[in-house]
Amino acid sequence: MKIRVAHLYPDYLNIYADRGNIAVFERRATLRGHELEITSLAPGERLEPSAFDLIYIGGGQDREQTLIAPDLAARGEAICKAVDGGTALLAVCGGYQLLGRGYRGRDGSTMPGAGLFPHETIAGDKRLIGDVLLEVDLDGLVTTVAGFENHAGRTLLDAGAAPLGRVVAGHGNDGTSGYEGCRVGTAIGTYLHGPLLPRNPVLADWLLGQALAHAGGSDELEPLPDELERLAHAVSAGRARSRGGR
Amino acid sequence: MRLTVETSAARLVGRVSRAAGCGGGTTLPGKLLWKVDPAAVDALAARLPSGVALVSATNGKTTTSAMIARILGPRYRLAWNNSGANLASGIASTLLSTPSADLGLLEVDEFALPEVMRRVQPRVVALGNLFRDQLDRYGELEHIAERWREAVSGLSPTSTLVVNADDPLVADLAEGRARALRYGLDDPRLARSGLQHAADSKYCVRCGGPYSYAAAYVGHLGDYRCPACGHSRPPLDVAARSIDLEALDASAFDLVTPAGTARVRLPLPGLYNVYNALAATATALALDASLDEIVAGLGSFTAAFGRFERIKAGDQQILMLLIKNPAGANEAVRTLEEGGVPETLLIALNDRIADGRDVSWIWDVDFEPLLREARRIIVSGERAAELALRFTYAGFSPSQLEVIPGLREALDRGLDLTPVGGELGVLPTYTAMLDLRAIAVSRGLVRPFWEETA
């Protein structure tokens, strides 16, 4: 089955090895006989988000994020509609922040967001940096997610909003709440890079499953051996336990 | 009075740490001095009759400093931190251990540069490039550039600022400055077909529009121009033209300088080393070297340890190339491509502070040419499994891949797989390189770095 993927602003948002996440989608789909068709989007280009089964947006440096923020904010309504219709979405770091309601800088300036995730991000004094381990429950699929975080923003979820997971070790959304990321239906936002998906194949397959369901197929994916993935996950999780923030 | 007491105490620590065999003893005395009396560094620098030259960059500062040392060695007695100890404490140690030097030649960590500049009041500052590197430690490029901008604004107008004109962020630091030397490459035949994946400063420093490149040489370094506002690479004072890359052996080029033009044969591979040679040339010129001295120094240069090194291991050879960030690793890959990729490669990834704790950068490196050519790859180091994922998700066959986290075992296995007379390609991150080199030292293959001279 063909899975249509929109990769938002890859020339601007690619700081924490975002192409690793795309490589994982691509290979894990191919190994199951599916095909990924990736469309890269630049600012100003036309895009109908609901025409895609999966949307990916990564992180950038402050300067690059500022350059694309207005373009992304203008697409907010269309992206929300796509996720409502079952399009899967993964947003990492800067992309996660910009898909919230907005980002307030230390100088008081505000950068409006796309409004998909019910949160607001405020610049903090000290960057939250280090290995992270989360406990995640994806509709009954309980697993751990390991990654690396590096963000100055404190992301504050609205009351009742669903985080991606509980922080076992590391800082998480704001360094104090004990939660990390945000989940809205088939959309996941997170600060975790490393990149996120190679060492977290369960999460990769959950997203691919949602995308397949949107494409009109079954969301069942046959298991892969994943020995190296488990090894990398274990090392990364150990790093978080021994030296994660907080 | 205080200086004398503290410095003899600190010098003693250095001797003790070397005698105790805990490796070089390079920064312990400086750490002590830095703790007890940081202002002593100002006084130590001020007593150097010919002043101080500083070299900083994401990539190439060790090699550039070594080239300058080669050029100026006959002219000056140097206080040079050739062990790579480039934080304030390492610089304090170097100044302490060379009381009779004429000239300070110091490579400086990008983050430490502003404080070091304030303290040593340099005569020349050479700034090479800014690439994404250890974002967990250094933060974003713009922040480093901002710190550098502030430091440069405090630089004495009689000091010379050397900048790489091919790096937009770095070149901009010399904007409007009278005493500045700008260097760059001028040979579009050697440009890459496009910007690489990890290219960083590709948006105009003035207006934010994307640059268009007449030639992109290494990462985002090149001959750039913004079609929107017209901001472009400044004219070059020091340039390399008609460059011939001779595979893994050397590069030859016309060195164009305000003091004239000469043909140079640099016995090091890679365009990035031509950049280092240009930075060394501009710095040496600012320190009164003649073009003849520069040509002679560059022509007789040997690589800084571990950056590019051939180590004989019985009837085999180890070819070691340091990898530490996407831009540097891309150039190591390009060097191997041009010289022929060894059949067996050992690639080692550690995640200690000096390597960067965040290992995501390996996904930004274009390893693909190696994956196409290598017959077998051994991944090693503390994060070997991450490298294994990087390569298998790129399509490298798991049957050609071995995961051996222990460096000693990985090196043995690599040499087992390398035929007699053959070469094992080794690409380690910084601390893996130090460990591998220590293994080579323990086997009598190389001397420890603190006994080496350039």
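**Figure 1. Helices α2 and α5 of chain B pack against each other.** In this predicted model, helix α2 (residues 28–36) of chain B meets helix α5 (residues 88–97) of chain B at an angle of about 105 degrees, and their axes are 7 Å apart. Angles of 65 to 115 degrees count as roughly perpendicular, so α2(B) is roughly perpendicular to α5(B). From α2(B), the contact uses B:Pro29, B:Gly30, B:Lys31, B:Leu33 and B:Trp34. From α5(B) come B:Ala88, B:Ser89, B:Gly90, B:Ile91, B:Ala92, B:Ser93 and B:Leu96. Sorted by class, this contact has 7 nonpolar, 4 polar and 1 charged residues.

**Figure 2. Chain B touches chain A.** Look here for 22 residues from chain B and 25 residues from chain A that make up the contact. On the side of chain B, the helices α7 (135–138), α8 (141–153) and α14 (384–393) each supply at least two residues. Helix α14(B) gives the largest share of that side, with 6 residues. The residues of chain B that touch chain A divide into 10 nonpolar, 4 polar and 8 charged.

**Figure 3. Two domains of chain B come into contact.** Where they touch, 16 residues of domain 1 of chain B are in contact with 15 residues of domain 2 of chain B. On the domain 1 side, α7(B) gives the most, with 3 residues. By class, that side of domain 1 has 5 nonpolar, 7 polar and 4 charged residues.

**Figure 4. An open, mixed sheet of 9 strands in chain B.** To find your way through the sheet, follow the strands in the order β2-β3-β1-β4-β5-β6-β9-β10-β11. The edge strands are β2 (78–80) and β11 (260–266) of chain B, each of which pairs on one side only. Neighbouring strands are turned by 15 degrees against each other on average, direction ignored. Strand β1 (residues 52–56) of chain B runs parallel to strand β3 (residues 103–107) of chain B, and 4 bridges join them. One landmark is B:Ala53, which stands opposite B:Leu105 in β3(B). Helix α4 (residues 61–72) of chain B packs on the sheet, where α4 touches β1, β2, β3 and β4 (124–127) of chain B. The direction of α4 makes about 160 degrees with that of β3(B). Helix α6 (residues 113–120) of chain B lies across β1, β3 and β4 of chain B, running at about 175 degrees to β1(B).

**Figure 5. Strands β9, β10 and β11 of chain B, joined by bridges.** Strand β9 (residues 238–246) of chain B pairs with strand β10 (residues 250–257) of chain B in the antiparallel sense over 6 bridges. In this pair, B:Ala240 stands opposite B:Leu255 in β10(B). The hairpin of β9(B) and β10(B) has 3 residues between the strands, and B:Ala247 takes a positive phi near 45 degrees there. Moving on, β10(B) and β11(B) also run antiparallel, joined by 7 bridges. Here B:Ala252 stands opposite B:Arg265 in β11(B). A hairpin of 2 residues joins β10(B) to β11(B).

**Figure 6. B:Val41 and its contacts.** This valine lies in helix α3 (residues 40–46) of chain B. Is B:Val41 buried or exposed? B:Val41 counts as buried because it has 22 C-beta neighbours inside 10 Å, and a residue is buried if there are 20 or more. Leaving out residues up to four places away in sequence, B:Val41 touches B:Ile91, B:Ala92, B:Leu95, B:Arg119 and B:Val120.

**Figure 7. An open, mixed sheet of 6 strands in chain A.** The strand order is β2-β1-β3-β4-β12-β11. The edge strands are β2 (35–41) and β11 (182–184) of chain A, and the twist averages 15 degrees from one strand to the next. Strand β1 (residues 2–8) of chain A runs parallel to β2(A), with 7 bridges between them. The bridge partner of A:Ile3 in β2(A) is A:Leu36. Helix α1 (residues 18–30) of chain A packs on the sheet and touches β1, β2, β3 (54–57) and β4 (88–92) of chain A. The direction of α1 makes about 155 degrees with that of β2(A). Helix α5 (residues 201–215) of chain A packs on the sheet too, touching β1, β3, β4 and β12 (187–190) of chain A. The direction of this α5 makes about 145 degrees with that of β4(A).

How values were computed:
Residues numbered from 1 in each chain as written. Chains lettered and ligands numbered in written order. Predicted model: local features only at pLDDT ≥ 70, side-chain atom pairs only at ≥ 80, totals over all residues. Axes fitted to C-alpha atoms, helices over the stretch in contact; angles between N-to-C directions. Parallel < 35°, antiparallel > 145°, perpendicular 65-115°, else oblique. Contact = placed C-beta atoms within 7 Å. Nonpolar A, V, L, I, M, F, W, Y, C, P; charged D, E, K, R; others polar. Pairing = 2+ DSSP bridges. Buried ≥ 20, exposed ≤ 12 C-beta atoms within 10 Å, placed from the backbone.
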